[in-house]
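Here is a friendly walk through the fold you are about to see. Keep the viewer open and follow along, one region at a time.

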Amino acid sequence: MSAARPQGLVFGEVAEEFDRIRPGYPAALVDDVLAYTGPGTRALEVGAGTGKATTAFAVRGLDITAVEPDPAMAALLEQRLGERSAVRIVAALFEGYTPDAPFDLLYCAQAWQWTDSSQRWARAAAALAPGGVLALFWNFDRIADDELRALVREVHEPYAPHAMLDEEPADGTDLSQYWPGPDLAALPEFGDLAERIYLWERTLSADDYVSYLSTQPTYRMLPEATREALFAALLQRLPEKLTLSVETLLYLGRRTA
């Protein structure tokens with residue numbers, strides 16, 4: 001990780017491609033978060049990006065403040081929401097934002113790991129009213145076909161063997177063992193903890209799969225020549241289409257009084 005170019009702030013380099021190719025989140029996840037939250041409607045989103053999660057919650061009638069530090073991402077978020085949107089966009093890091101009133105819900109999609117570990121939990125607790133809900137969620141995916149996944153790993157070897165994250169499927173395991181479960185369990189500020197997993201698939205063309213990789217911070221941090229050589233090698237070996245198995249993990253906690 002470079003101090004001059006932190007991984008959490010490289011997404012704006014490919015903001016339009018990020019918006020086009022990154023997946024959204026299951027409708028069932030939004031249902032579960034809102035059922036857990038109850039009648040409260042004031043929500044804070046941390047790391048809104050281009051609005052993949054923002055729009056999913058906004059259409060449910062929430063009063064949302066969306067915090068996003070990257071100007072390119074925030075511009076696409078504003079464009080996505082349109083002029084009539086009631087979502088307030090705050091161009092800032094979570095660590096630099098101080099709410100003027102407590103929220104009923106703080107949610108973060110795919111970005112909590114980019115917040116400052118020395119401040120994130122205290123700031124989340126301070127932003128929530130007693131009984132308010134913290135909802136953190138991520139999409140994790142892997143190539144569904146074992147042989148194709150092995151081939152893609154082989155192609156990575158000469159260029160960036162560390163770049164291809166081959167996450168083990170979490171299906172059927174105790175999700176509380178994965179981060180941020182242990183951190184949440186240790187915090188007296190949060191209780192009534194719960195986890196959910198949503199399993200689904202998506203199919204991409206070879207070009208779109210490579211474009212999807214190009215939006216991942218691990219690949220953005222590679223030297224440009226290495227990244228381009230790797231992507232060219234992948235396109236030579238990939239089939240026309242490939243399917244990704246996706247696991248969306250949700251972690252919920254309630255602010256104690």
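## An arginine and its backbone partner

A polar atom of the side chain of Arg-220 lies 2.8 Å from the backbone oxygen of Ser-214. A polar contact is a pair of N or O atoms within 3.5 Å; within protein, one must be able to donate a hydrogen and the other to accept it, and residues adjacent in sequence count only if both atoms are side-chain atoms. Arg-220 belongs to helix α9, residues 217-220. Helices (H or I, at least four residues) and strands (E, at least two) are DSSP runs, numbered from the N terminus.

Is Arg-220 buried or exposed? Arg-220 is buried, as its relative accessible area is 8%. Buried means under 20% relative accessible area, exposed over 50%, and partly exposed in between, using a 1.4 Å probe and protein chains only.

## What kind of model this is

This is a predicted model, in which local features need pLDDT of at least 70 and side-chain atom pairs count only at pLDDT 80 or more, while totals for chains, interfaces and linings use all residues. Residues are numbered from 1 along each chain as its sequence is written, and side-chain values use heavy atoms, with hydrogens and water left out.

## The protein as a whole

The secondary structure comes to ten helices and seven strands. Along the principal axes, the C-alpha atoms fill a box of roughly 55 × 40 × 35 Å. With 257 residues, a compact globule would have a radius of gyration near 18 Å, and the 19 Å of the protein agrees with that. The radius of gyration is taken over C-alpha atoms, and the globule rule is 2.2 Å times the number of residues to the power 0.38.

Of the 257 residues, 47% count as buried. The protein exposes about 12100 Å², and carbon and sulfur atoms supply 51% of it. Accessible areas come from the Shrake-Rupley method with a 1.4 Å probe; for residues, only the protein chains shown count as cover. Among contacts between residues at least 6 apart in sequence, 79% join residues at least 24 apart; contact means heavy atoms within 4.5 Å.

## Strand β7 and its partners

Which strands pair with β7? Strand β5 (residues 128-143) runs antiparallel to β7 (residues 241-255), and eleven bridges join them. Strand β6 (residues 190-205) is also antiparallel to β7, with 14 bridges between the two. Two strands pair if DSSP finds at least two bridges between them.

To find your way across these pairings, look for two positions. Leu-136 stands opposite Tyr-251 in β7, and Trp-200 stands opposite Val-246 in β7.

Helix α5 covers residues 120-127, and its buried residues are Arg-120, Trp-121, Ala-124, Ala-125 and Ala-127. They sit on the same side of α5 because they cover an arc of only 165° around the axis, the arc being that of the directions from the helix axis to the C-beta atoms. The face turned away from that buried side carries the exposed residues Ala-122 and Ala-126.

What covers the buried residues of α5? The cover includes β1 (42-46), β4 (103-109), β5, α7 (181-185), β6 and β7.

## Gly-51 and Ala-58

Gly-51 is in the loop between β1 and α3 and counts as buried at 0% relative accessibility. Not counting residues up to four places away in sequence, Gly-51 touches Leu-77 and Arg-80.

Ala-58 is placed in helix α3, residues 52-58. Ala-58 is partly exposed, with a relative accessible area of 23%. Leaving aside neighbours within four places in sequence, Ala-58 is in contact with Ile-64 and Val-87. Ser-85 is 27 residues from Ala-58 along the chain, and their C-alpha atoms are separated by 8.6 Å.

## Backbone details to look up

The peptide bond from Trp-179 to Pro-180 is cis, with omega near 15°. Pro-180 is found in the loop between α6 (146-156) and α7.

Gln-110 is not a glycine, yet its phi is positive, at about 70°; Gln-110 lies in the loop between β4 and α5. Asp-192, in strand β6, is a residue other than glycine with a positive phi near 55°. At 49% relative accessibility, Asp-192 counts as partly exposed.
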